[in-house]
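I wanted to work through this chain entry by entry, noting what I looked up and what I found. The entries follow the order in which I looked.

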Amino acid sequence: MKTEELKKLFDQLSLKEKIGQMVQIPGYFLSEGNITGPALDMGLTQEDIDLAGSVLSVIGADRLKAIQTAYMEKHPHHIPMLFMADIINGYRTVFPIPLAQGCSFDPALAENGAAIAAEEAAAAGIHVTFSPMADLSRDARWGRVMESTGEDPYLNGLMASAMVQGYQGMDHETIPEGKLAACLKHYAGYGAPTAGRDYNTVELSARTLREDYLPAYQRAVEAGCDLVMTSFNTLDRIPSSANRWLLREVLRDEMGFDGVVISDWAAIHELVEHGIAADDREAAKLAVLAGVDIDMASPAYCRNLLSLVKDGEVPESLIDEAAWRILVLKNRLGLFENPYKDASAADETAKILSDAHRAAARKAAADTFVLLKNDNALLPIRQEERIGCIGPYADRRQLSGSWSIFADDSVTETLREAFSGDANVRFAKGCSILDPGAPRVPFGAQKIADEPETDADAALEEALRLAADSDKVILTLGEPNDYSGEAASRANLTLPECQQRLLRETAKVNPNIVVILFCGRPLDIRPVKELAGAILVAWFPGTEGALALTDVLTGKTAPSGKLAMSFPYCVGQTPVFYAQLSTGRPFHGDFRTDRFHSKYLDIPNEPLYPFGYGLTYTSFECSAVTLNKAVMEKSDTIHACVTLANTGSVKGTETVQLYIHDCAASVARPVREMKAFKKVTLSPGESKNVEFVITEEMLRFHDIGMNFVSEPGRFEVFIGSDSTTENKAVFELK
Ligand code: GLC
């Protein structure tokens, strides 16, 4: 619809109808739908429901077409409804969790996954996805790290931008067929809850917020995301849904966002719980003044905005502003011409879980696995070897992350099924996934599929007999998929005792142990590092995860993932991340000389496995860093180069990473920050020059006056295979 026509329609709307556009009702008011937050009794009238501008978590082409038809018939101006849902890492063809996708260091993988998710969800009648989640995540206790792409602002920005493009396409005028509008979340700083406890207070300095937490959101806005979701947390003791500075000055004025701001689930109502609003009426006023356009799943706007405007407490212009942006979004989706957009039962059948989509998910999963250890080339396994595949994930179908709420696990092979037909691979469960009595809080309607082993000793004995009668053991360990995700923080990151016992006892009968770790977050895997010869982190790899694992375990595909988030030595170290500040007393590792230095008495400072780390089936050598000059003018660039050689016996892919350290600045700067990386595939014996161009923009930061600038001085350039590389050169910026 042309803008002038849309304006004509808009001008016909009553104030009540405009307010209705600002209300999002949970799917359960219209049909059964996934409950992804506290189910509030919203006290809505039928008229409220009939005027609501959007609904979340209802899916299905025929169902949504019927809802849309009925809704538009009843609506006084027949305005189409928006259908939104959490399509986080795939719709029915489930891709690896976003944290795993971050480990691919491949934005194209994330973009393709988002495009496939959009194609399937659009066919099912969805218009908007609540993705990408671009929250910087550095604390493994927080369960939602699984939805992030990790601890690095630069990598997160690339991944979030790629996902927006995958969901929306590149046309900034319309959302074409097979695409969805993308909703960036959770703005802002949600990934830094105190003590790693979900929804908890976030305490970030303004500079750290701008340096580390805002950049990825900004990249997603620059990529054109159509919506931004406000986060549950406070920043500077102000909840995001009431934070006018964050929503108007930073998001709209500085970043240039002109789309729709939607609250997270009931976050406007929760301003009362935060203690900044006496009741929903005050909460509604605070939120609409701050700039929240849609109230998700709370009665605050619906029950109060009309009187707030009539009482002169909220200018009607703010309602107009919000409602207009929502209509513009509906127009970008083409809903005034076709209110069903791509909803099509035939397309659902043809596109969902298509062979092409499953093949893409299988390839993506293989590229997200991270090989942390491979002593004596224990991997890949060889055809003639007798393999005992043991553990709670040997025969488990729940391989998708906890936000895969529309997944159908029945189409996911187990490892036993994926290895089917290979007589050399035998299976035993060995132990339950959790210790007896461990808490289980299923996400949504998911039922808990696993009960503790009835006879744990018998299960263990059977597994040990198999282990003793095998050349190698593939030990499948980890956490259940509902132990990460929303409202799934953990204060203890160790594996359950039953799994650790299985590991210890297996090591007594067979030293050749390959551990496959299924997890939604970095865990404390010290016993695994001690007792396993090989460790492959599979995260939650999705629909095709087991098949992808057979590809990598057998060497058909070599692993190439790199950690997007550090594995802590233990939970006491979290949050642990590579881009730390030096402190005035950096610890250099010698307890005798460095007593009064920043360290622990009982554990090392270094993580068990660092950001950017990951092995493959070959070996690489990286030459010393060379620079084409030692002094750089601001208008200039510097070329940094290494020669990478494949010194092993098989083809492999290395992700060469470039880090920069600003040695002395007007504020303390991280000891290094990743500014670029390149994935390089080499055959055995092959070598290649890998060149990076260092620009002045890469050197900018928020200086003592909060100006985003570079400052003259000495810089160190590190180039290597992970964030601990000491392969460096030095240059000076004039
Ligand atoms: C949840 C989550 C958010 C999700 C929304 C809708 O509480 O915080 O990520 O998109 O509600 O399900």
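Helices and strands in these entries are DSSP runs, numbered from the N terminus. I keep in mind throughout that this is a predicted model.

When I looked up where His186 sits, I found it in strand E5, which covers residues 181-187. A cis bond also runs from Thr574 to Pro575, with omega near 0°, and I placed Pro575 in the loop between helix H20 (545-553) and strand E17 (620-622).

I then turned to positive phi values. Thr583, although not a glycine, has a positive phi of about 70°, and its place is in the loop between H20 and E17. I noted its relative accessible area as 43%, which means that Thr583 counts as partly exposed. Ala377 is not a glycine either, yet I found its phi to be positive, about 50°. This residue lies in the loop between strand E11 (370-374) and strand E12 (387-390), and with a relative accessible area of 46% Ala377 is partly exposed.

**Entry: helix H6**

Is H6 enclosed or open to the outside? I first checked its dimensions: H6 spans residues 107-123, has 17 residues, and reaches 24 Å from its first C-alpha to its last, close to the 24 Å expected at 1.5 Å a residue. Twelve of those 17 residues are buried, so I recorded the helix as largely enclosed by the rest of the structure.

At the N-terminal end of H6 I found a cap from Asp106, whose side-chain oxygen lies 3.0 Å from the backbone nitrogen of Ala108. Beyond the other end, H6 is followed by Gly125, which has a positive phi near 95°.

**Entry: nonpolar cores**

I looked up the largest nonpolar core and found 203 residues in it, with Tyr187, Tyr301, Ile525 and Trp539 having the most contacts inside it. Helix H8 (residues 206-222) gives the most to this core, contributing seven residues.

**Entry: Arg248**

I located Arg248 in helix H9, residues 244-254, and its relative accessibility of 18% means that it counts as buried. A polar atom of the Arg248 side chain lies 3.5 Å from the backbone oxygen of Ala290. Leaving out neighbours within four places in sequence, I found Arg248 in contact with Asp253, Val288, Leu289, Ala290, Gly291, Leu318 and Glu321.

**Entry: Pro439**

Where does Pro439 sit? I found it in the loop between strand E13 (425-428) and helix H17 (456-468). Its relative accessible area is 57%, and Pro439 is therefore exposed. Not counting residues up to four places away in sequence, Pro439 touches Leu434 and Tyr483. Pro439 and Tyr483 are 44 residues apart in sequence, while their C-alpha atoms are 9.4 Å apart in space.

**Entry: domains**

The domain assignment divides the chain into domain 1 (3-348), domain 2 (357-573) and domain 3 (620-733). I looked at domain 1 and domain 3, whose centres, taken over C-alpha atoms, are separated by 37 Å. Eleven residues from domain 1 and 17 residues from domain 3 take part in the contact. The area buried between these two domains is about 1,100 Å², and carbon and sulfur atoms give 59% of it. On the domain 1 side, I noted that Phe105, Arg207 and Glu211 lose the most area to domain 3, together making up 55% of what that side buries.

Notes
Residues are numbered from 1 along each chain as its sequence is written. This is a predicted model: local features need pLDDT of at least 70, side-chain atom pairs count only at pLDDT 80 or more; totals for chains, interfaces and linings use all residues. Side-chain values use heavy atoms; hydrogens and water are left out. A nonpolar core is a set of buried Ala, Val, Leu, Ile, Met, Phe, Trp, Tyr and Cys residues joined through side-chain atoms within 4.5 Å. Buried means under 20% relative accessible area, exposed over 50%, partly exposed in between (1.4 Å probe, protein chains only). Helices (H or I, at least four residues) and strands (E, at least two) are DSSP runs, numbered from the N terminus. The expected span of a helix is 1.5 Å times one less than its number of residues. A polar contact is a pair of N or O atoms within 3.5 Å; within protein, one must be able to donate a hydrogen and the other to accept it, and residues adjacent in sequence count only if both atoms are side-chain atoms. Domain bounds come from an automatic or database domain assignment. Contact means heavy atoms within 4.5 Å. Buried area is the accessible area (1.4 Å probe) that two parts lose on being put together, summed over both.
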